[in-house]
Amino acid sequence: MEDLTKKKTYVADVERTLYDIRDEDRSSYKTAKGLTEDIVRDISAKKEEPEWMLQKRLEALRIYHQMPMPTWGPDISALHMDDIVTYVRPDTKMTGNWKEVPKEIKDTFDRLGIPEAEKTSLAGVGAQYDSEVVYHSIQKELADQGVLYTDFETAVKEYPEIVQEYFMTLIPPTAHKFAALHGAVWSGGSFVYVPEGVHVDIPLQSYFRLNAAGAGQFEHTLIVCEKNSSLHFIEGCSAPKYNVTNLHAGAVELFVKEGARLRYSTIENWSRNMMNLNTKRSFVEKDGVIEWVSGSFGSHVSCLYPASVLHGENAKCEFTGVTFSAKGQDLDTGASVIMLAPHTSANINTRTISKSGGKATYRSAVKVAPAATGAKCLVNCESLMLDNDSRSDTLPVMDIQAADVEIGHEAKIGRISDEAIYYLTSRGIDEKEAQAMIVRGFVEPISKALPLEYAVEMNNLINLELEGTMG
Amino acid sequence: MADTLLEIKDLHAGVADKEILRGLDLTVRKGEVHVILGPNGSGKSTLMNVIMGHPKYQVLSGQVCFEGEDVTEEPTFERARKGIFLSFQTPEEIPGITVENMLRTARQAITGKRERIFGFRKELKAAMEGLQMDPSYAERYLNVGFSGGEKKRTEILQLLMLNPKLALLDETDSGLDVDAVQIVSNGVRQFHNENNACLIITHNTRILDKLRVDKVHVLLNGRIVEEGGPELVDVINREGFTHLQQKA
């Protein structure tokens with residue numbers, strides 16, 4: 001009899017050509033390699049920025065040069081900052097009309113399904129091609145309600161008082177070296193402002209993508225939800241594959257005011273050479289709710305730990321995440337919650353999958369400050385390894401300084417059960433499908449939290465990751 | 001013979017280096033009900049798993065044939081598609097896969113035809129009613145949080161929905177109260193007809209009350225040591241297995 005247990009543990013790497021679509025380089029402008037003050041001044045001048053933004057960039061640059069590289073987490077020694085072309089500008093102007101977008105760019109977006117996404121009920125699309133937003137639209141009703149939704153460059157020019165109040169206050173350049181880098185060279189990104197009491201019923205979507213070899217992407221997202229407002233913002237990322245190390249160091253700052261509710265969903269699907277060192281933070285006031293839905297696929301290395309500062313009484317955080325690490329990948333993901341006020345609560349629920357030698361680490365930090373009496377925090381992280389070559393680690397840190405709190409932690413690390421596969425195959429389901437069903441079942445709590453088309457996309461990504469010869 | 005479903009010839013099988021089945025012959029024909037009796041550790045569950053093709057068990061020599069075809073080397077899913085079904089003694093709990101989803105996927109895999117959601121759902125609901133199952137169980141994850149009795153009922157539900165040619169029932173009645181045995185046994189009777197067969201392992205003869213048993217085999221130390229008609233069940237119930245030990 002053949003040794004089936006051995007056979008089923010091998011799942012070949014996915015054919016990613018569907019996502020790895022590369023156009024010829026059509027950039028009209030590139031910065032010189034390496035990062036100098038001249039480059040930063042140049043970026044700012046090209047964007048025709050006000051002086052205050054230039055000063056913020058230069059301050060961030062000074063901090064960047066002073067800060068050491070982080071010494072914990074995955075190995076990022078392959079990253080040579082001097083080789084990163086930090087800024088690439090596609091040779092098209094901002095446009096709100098799909099017809100005016102150049103054909104190659106359009107073709108790539110078409111294959112990523114963006115116009116379809118918009119047609120099927122999404123409120124607005126801000127698609128980023130390289131570092132500039134090239135396509136942008138927002139439905140009239142939203143504008144009439146006073147909702148501001150623009151690319152970040154426009155926000156700097158048109159809503160400077162809002163941007164100045166919040167920009168890089170939650171993620172200061174001193175947070176870490178890549179936050180400082182981001183502050184110096186940020187480009188592109190989204191700005192959303194939801195006025196008091198306004199409920200945005202349909203999700204807003206933005207799609208980011210990297211195209212030029214050696215180009216980093218440093219988009220900045222700033223969302224402010226005023227008192228008692230609500231919003232669901234979706235960000236999708238996908239990038240074609242290149243053989244030069246690519247860096248992504250975006251920043252996402254979310255402000256949730258009293259009684260407001262913000263859901264921020266992302267599925268990141270980077271090419272296999274990407275260093276994804278992204279920083280996301282939210283600041284939640286009294287009775288506010290932040291919900292994170294985070295899917296991490298692709299990339300060579302990812303460090304992603306969305307943070308929630310629960311500043312006001314009764315503020316809540318729901319974090320749902322899924323990470324899939326395959327051959328050659330080291331994905332270090334998790335969440336961070338800082339509970340500062342009484343009766344704040346957090347619920348962290350994650351699934352990580354590793355296969356073909358991939359490494360997946362769950363890392364979280366929960367801090368309960370002395371003032372946070374009656375706080376509640378539940379952490380549930382589960383890991384599934386599909387073979388014996390893969391690795392999964394769980395590193396939860398908890399720092400509880402308040403009395404009368406309710407803290408729960410549940411971690412499970414497991415392999416795909418041979419008996420479960422046998423059970424399903426005894427019902428006529430072949431091994432490959434049985435395995436896919438089990439993996440889909442494993443992430444079901446996450447796909448349930450996603451809007452339908454994103455759940456479908458995530459299932460497709462999982463199927464692509466699992467695809468290949470099963471022996 | 002045209003009506004032979006299962007034919008096992010001089011089967012030696014086991015796990016790792018341990019031989020558990022030591023020369024076993026068994027023939028099951030269409031329309032028949034066979035019962036296998038034997039003490040714990042005699043190899044009953046191993047036999048079921050070897051027929052189903054569990055990758056953990058190695059066939060050392062001999063053959064398992066189904067409808068005249070040698071399936072000894074066939075993977076489990078192919079055997080299932082040919083019409084073999086195993087009702088597990090301890091069914092696996094599989095989170096994230098609903099009973100309905102699993103059954104629809106399985107039936108499509110077996111028949112090779114697409115199942116229409118609404119027709120299938122209607123059929124499933126009717127089958128569940130027959131087994132006195134709460135219809136909400138169709139939407140629950142497979143066996144997760146089910147009681148022992150609910151798991152066994154779900155196995156019989158699968159039997160009815162997948163309608164195999166040969167049903168292997170591994171202690172489907174164990175751990176059930178009187179009423180549950182009744183329901184499960186009604187399900188098996190509903191399944192059974194002249195075109196299919198049942199091979200039943202049991203410690204409890206109540207499941208047999210409603211079935212016409214054709215043959216009884218007594219398994220001891222990996223060999224069939226005694227065979228007979230339904231009357232053998234009563235003999236074993238009265239006298240146990242000790243008097244057969246010297247034959248093993």
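Which loop of chain A does A:Glu48 lie in? Here are my notes on this predicted model, starting with that one.

1. A:Glu48 sits in the loop between helix H2 (37–46) and helix H3 (51–66) of chain A. Have a look at its backbone: phi is positive, about 50°, even though this residue is not a glycine. A:Glu48 counts as exposed because it has 9 C-beta neighbours inside 10 Å, and the cut-off for exposed is 12 or fewer.

2. A:His343 is another one to click on. This residue is found in the loop between strand S19 (330–339) and strand S20 (345–354) of chain A. With 19 C-beta neighbours inside 10 Å, A:His343 counts as partly exposed, since buried would take 20 or more.

3. Now for where the chains meet. Here 20 residues of chain A are in contact with 26 residues of chain B. On the chain A side, the elements giving two or more residues are helix H1 (4–8), helix H10 (418–425) and helix H11 (431–442). H11(A) provides the largest share, six residues. By type, that side of chain A divides into nine nonpolar, five polar and six charged residues.

4. Chain B has seven helices and twelve strands. Its radius of gyration is 18 Å, which agrees with the value near 18 Å for a compact globule of 248 residues. The C-alpha atoms fill a box of roughly 55 × 40 × 35 Å along the principal axes.

5. Inside chain B, buried residues make up 41% of the 248. Of the contacts between residues at least 6 apart in sequence, 70% join residues at least 24 apart.

Notes
Residues numbered from 1 in each chain as written. Chains lettered and ligands numbered in written order. Predicted model: local features only at pLDDT ≥ 70, side-chain atom pairs only at ≥ 80, totals over all residues. Helix = DSSP H or I, 4+ residues; strand = E, 2+ residues; numbered from the N terminus. Rg over C-alpha atoms; globule rule 2.2 N^0.38 Å. Contact = placed C-beta atoms within 7 Å. Nonpolar A, V, L, I, M, F, W, Y, C, P; charged D, E, K, R; others polar.
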